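Work through the exercises below with the sequence and the model at hand. Each task is followed by its solution.

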Amino acid sequence: MELISKGAWLSGGKLYINDEKGKADLRSERGIDPESRTADGRIVGADCTIASQILSAHNTSDNEAELRIKFDKLTSHDITYVGIIQTARASGLKEFPIPYVLTNCHNSLCAVGGTINEDDHFFGLSCAEKFGGIYVPPHLAVIHQYAREMLACCGSMILGSDSHTRYGALGTMAIGEGGGELAKQLLGKTYDVKCPEVVCVYLEGTPSYGVGPQDVALALIANTFDNGFVKNKVMEFVGPGVGGLSVDFRIGIDVMTTETTCLSSIWSTDSKTEEWYEIHGRSGDYKELNPGSTAYYDSVIRLDLSEIRPMIAMPFHPSKAYPIADVKADLDRYISECEDRAKVSFGDKISYSLRDNIIDGRMFVDQGIIAGCAGGGFENICAAASILKGADTGNGRFSLSVYPASQPVYMELLKNGRAADLIAAGAVIKTAFCGPCFGAGDTPANNSFSIRHSTRNFPNREGSKVQNGQVASVALMDARSIAATAANKGFLTGADELEGIDLSAPKYFFDGEIYKKRVLDAFGKPAPEKPIKFGPNIKDWPVMEELKDDLLLKCVSEIHDPVTTTDELIPSGETSSFRSNPLGLAEFTLSRKDPEYVGEAKKVRELANGTDRAELKAEFDAVLKVLGDNRIEVKPGSLSVGSTIYANKPGDGSAREQAASCQKVLGAWANIAHEYATKRYRSNLINWGMLPFLYDDDDIRKGDYIFVPGIRKAVENKLSDIEAYVVGGNSVRKVVFSLGNLTDDERRIILDGCLINYYKH
């Protein structure tokens with residue numbers, strides 16, 4: 001795999017690198033002047049990528065550099081849609097203006113949370129009836145499989161409130177964002193973003209035997225995550241290697257591009273894509289998508305598929321990916337690296353090691369999972385079934401669970417006998433559910449090692465509770481190698497070690513009647529007279545005030561990990577049951593990373609609300625005295641008071657807005673960070689009225705107070721540098737924060753205190 005940062009033109013199927021030789025070759029071989037510009041001043045060919053063409057078609061502004069996008073469709077699941085609809089309702093929602101799909105694939109285990117989860121489902125169904133939405137009942141499909149089967153359309157754009165909203169392999173540019181961005185679309189507003197750079201992912205060759213889409217995806221993530229090569233950019237898959245991949249294979253790579261931190265993805269389409277749409281009864285939604293005759297890309301990833309080997313992403317991140325053969329050959333090295341990462345994530349809270357899983361020099365695995373939007377596709381499961389046909393997974397510790405991504409996929413596995421082959425080998429087949437991906441299903445035992453064809457293996461993502469002394473480990477692998485490991489009764493095995501097994505899939509037949517009989521499609525047919533059904537756990541957002549002239553923050557948590565995931569900011573798993581209850585969910589904020597956070601944040605909130613507790617008042621007065629002694633004037637009547645966290649690089653992972661909103665309802669006014677891991681987390685902060693401060697140094701400490709005079713004027717006047725004063729003990733030092741690039745609307749949202757207030761105003 002080669003990463004080329006110089007940029008390049010793709011013309012006549014050949015790449016011309018943006019250097020002196022490449023420019024000269026482009027002139028002589030293609031007759032194109034590389035120094036010429038497009039009508040809007042961009043480098044020649046920049047408007048000819050597939051991504052540029054789709055973005056331009058959906059841009060409502062007259063500025064191709066500052067996009068204001070309106071999407072064609074929206075999609076959410078039952079962890080996010082309640083909060084989104086509640087936000088939109090509070091802002092004046094009357095009817096869903098575009099198709100909005102509400103799936104129920106996250107909180108579908110109603111035993112977790114008692115009646116709470118099913119109450120949310122009734123809320124979603126009643127809102128679909130009232131506002132004209134599309135409601136997909138529990139266990140029918142995971143969010144992204146339903147979107148692939150029923151929503152994707154070549155050249156269209158979909159916005160989803162889940163980070164793995166990726167349908168590029170079907171010619172749809174899809175973006176996963178926090179709920180506030182969906183609320184904007186429901187209210188007829190736009191998604192505002194600077195025109196992203198486009199990265200050419202130039203595929204060559206064909207995958208070797210035993211290599212599946214997860215292997216290719218993990219190799220891409222390993223090569224692009226740490227260096228930020230594609231961060232907030234669009235990955236565009238082209239080249240001769242695309243045609244050799246089935247659409248299911250492309251989908252399996254595409255869905256994992258989220259873990260590179262790219263903004264979105266898009267693929268060229270061909271006859272195989274056309275056949276996929278035909279199989280799903282939607283021939284009219286296909287059209288051929290290719291770059292223009294000469295397209296310019298800001299950077300290039302050149303990937304020879306034949307060089308990829310079966311991979312394993314070791315705990316605790318998808319980017320820690322290596323060939324399985326390398327890990328098996330040097331177990332001590334790779335396990336030592338896991339132990340080092342555990343020390344960073346868990347500190348001294350946990351004694352962590354995988355060494356008990358080494359048996360006679362081989363790595364033993366306790367659990368295998370093939371599931372969800374990444375692993376639960378038809379071809380992945382068929383390949384696993386072929387490997388396991390006639391095999392025996394054993395009756396010891398190892399277990400294997402398989403979750404087809406939708407009922408239509410499950411139905412076809414039943415019809416063609418692959419489900420029977422899996423069950424006969426010892427696998428358990430379950431209904432469509434995202435639980436194993438976020439810690440709400442198939443949670444491993446303490447110190448267990450699980451291999452999964454799913455999307456993430458962050459700490460706690462499998463359901464561990466470090467604060468209770470319980471932790472397990474997840475590694476990501478392709479379904480083919482998981483099946484090979486299962487056939488080897490739990491000993492780590494790459495699918496390339498197999499011989500003579502036909503891994504090709506039979507023809508797929510899609511049964512759309514399954515959805516027609518169960519899915520409510522009320523788009524365009526709202527019933528405003530219908531009531532919304534509220535369960536006792538569904539609460540409105542608390543009142544949030546606007547930003548005052550000055551700001552006083554107290555740092556109540558400091559996190560120095562290289563990256564902080566949204567799962568660490570607000571844990572997934574059983575906490576999901578409270579995602580319709582803002583104050584109830586907020587009790588879990590940072591609970592697995594910093595259990596003291598909630599209590600400390602509440603103290604600051606009490607201070608802001610005027611609670612007359614002696615110890616709070618004394619601390620506040622002491623800070624004012626230190627500032628006053630240093631001739632720094634504070635006017636309490638014009639002062640917003642709130643908490644903040646300091647983190648190195650927060651926000652990797654999930655799009656769910658609760659990672660920010662939980663901080664806000666506890667009284668937070670800002671985050672302070674070196675950088676933000678993803679655009680979506682930064683957008684979530686802004687939509688909840690929180691200042692996304694950037695700070696170059698590493699000297700903010702828990703317990704410090706930060707006074708930011710004139711913050712309201714600084715935001716209004718678009719100041720690039722914002723002076724602040726840090727009070728630590730009896731000393732004061734001046735620091736400088738930045739807010740980065742903010743649109744005018746984003747500034748107004750921060751000034752108003754949150755997106756709901758912005759729309760009220």
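**Exercise 1: the largest cavity**

The largest cavity holds about 220 Å³ of space. The model is a predicted one.

Task: State which residues lie nearest the centre of the largest cavity, and which helices supply its lining.

Solution:
1. The lining consists of 25 residues, and those nearest the centre are His-106, Asp-162, Cys-437, Phe-438 and Arg-461.
2. At least two lining residues come from each of α5 (143-150), α12 (372-375) and α16 (435-438).
3. Sorted by class, the lining has eleven polar, ten nonpolar and four charged residues.

**Exercise 2: aromatic pairs**

Task: Classify the pairs Phe-71 with Tyr-191 and Phe-237 with Trp-267, and say what parts each one ties together.

Solution:
1. The count of aromatic pairs comes to 22.
2. Phe-71 and Tyr-191 are 5.6 Å apart centre to centre, with 70 degrees between the planes. Planes over 60 degrees apart count as edge-to-face, so this pair is edge-to-face.
3. Phe-71 is in the loop between β4 (66-69) and β5 (73-76) while Tyr-191 is in strand β10 (residues 191-194), so the pair ties together parts 120 residues apart in sequence. Both Phe-71 and Tyr-191 are buried.
4. Phe-237 and Trp-267 form a stacked pair, at 4.1 Å centre to centre and 5 degrees between the planes.
5. Phe-237 belongs to strand β12 (residues 234-238) and Trp-267 to strand β13 (residues 264-267), so this pair ties together parts 30 residues apart in sequence. Both Phe-237 and Trp-267 are buried.

Conventions
Residues numbered from 1 in each chain as written. Predicted model: local features only at pLDDT ≥ 70, side-chain atom pairs only at ≥ 80, totals over all residues. Heavy atoms only, no water. 1 Å grid on protein atoms, 1.4 Å probe; cavity = no way out; pocket = protein on both sides within 12 Å on 5 of 7 lines; lining within 4 Å. Points joined across faces, edges and corners; volume = space filled by probe spheres on them. Helix = DSSP H or I, 4+ residues; strand = E, 2+ residues; numbered from the N terminus. Nonpolar A, V, L, I, M, F, W, Y, C, P; charged D, E, K, R; others polar. Phe/Tyr/Trp six-rings, centres within 6.5 Å; stacked < 30°, edge-to-face > 60°. Buried < 20%, exposed > 50% of the residue type's maximum accessible area, 1.4 Å probe, protein only.
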